[in-house]
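Here's a short tour of one protein model. Keep the sequence and the 3D view handy as you read.

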Amino acid sequence: MENSPAVIGASKDVAVISDTFVPRNLTELKELASFLAASDLIPKSLGGRKENVAIVLMLGHEIGVAGVAALQNIFVVNNRPAIYGDLATALVRRSGLCEELAYKFEGSGDTLKCIATGKRKGDKESHTTEFSWADAKVAGSASKDTYLKNPKDMIMWKALHRLFKFLW
């Protein structure tokens with residue numbers, strides 16, 4: 001298959017976006033964001049708004065994540081874009097600055113906690129963080145649907161998030 005520019009539209013006035021769907025200017029960004037915002041495949045947290053889609057595309061570009069991947073892995077909480085844990089983990093590993101990354105669980109139910117350990121390249125020692133079900137209760141998260149349905153996942157991602165913020 002030939003490498004040709006991606007084209008959006010079906011009229012004689014089609015807009016050429018680029019070889020990699022990366023807008024080259026604000027006009028192209030607005031057009032791409034409008035097109036994507038109309039899709040049922042865009043996360044609900046973006047509210048179907050082209051402005052939100054454009055911001056996620058720009059943030060994705062800034063952190064080295066392609067458009068559709070950014071739209072599927074960046075979400076909005078309290079009007080701020082945030083990154084899902086699996087994307088954050090991939091970015092940390094891809095950075096070349098991650099020398100060590102591990103986690104483990106202890107306890108269960110109300111005593112469940114996740115302990116995450118990591119080492120930034122060049123550091124002499126590893127750093128450890130943890131997040132527990134008790135921490136989730138204090139934060140008001142334990143009663144949320146995602147925590148009730150996936151407690152281990154949510155505890156793990158929060159422990160890793162704390163580690164990522166500290167080390168990377």
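## A threonine in a strand

Let's begin with Thr-117, which sits in strand S6, residues 113–120 (a strand is a DSSP run of E, at least two residues, numbered from the N terminus). This is a predicted model, where local features need pLDDT of at least 70, side-chain atom pairs count only at pLDDT 80 or more, and totals for chains, interfaces and linings use all residues. Residues are numbered from 1 along each chain as its sequence is written, and side-chain values use heavy atoms, leaving out hydrogens and water.

Is Thr-117 buried or exposed? It counts as buried because its relative accessibility is 18% (buried means under 20% relative accessible area and exposed over 50%, with a 1.4 Å probe and protein chains only). Its side chain also makes a polar contact of 3.3 Å with that of Thr-128 (N or O atoms within 3.5 Å, one able to donate a hydrogen and the other to accept it).

## The nonpolar cores

The largest nonpolar core has 18 residues, and Phe-131 and Trp-133 are among those with the most contacts inside it (such a core is a set of buried Ala, Val, Leu, Ile, Met, Phe, Trp, Tyr and Cys residues joined through side-chain atoms within 4.5 Å). Helix H7 (151–167) is one of the elements giving two or more residues to this core, and H7 gives the most, with 7 residues. There's also a second, separate core of 17 residues, including Ala-33 and Leu-36.

## Helix H1

In H1, the buried residues include Leu-29, Leu-32 and Ala-33. Looking down the axis of H1, you'd find its buried residues within an arc of 155°, so they line one face (the arc uses directions from the helix axis to the C-beta atoms). Thr-27 and Lys-30 are exposed, on the face turned away from the buried side of H1.

Note on methods:
Helix = DSSP H or I, 4+ residues; strand = E, 2+ residues; numbered from the N terminus.
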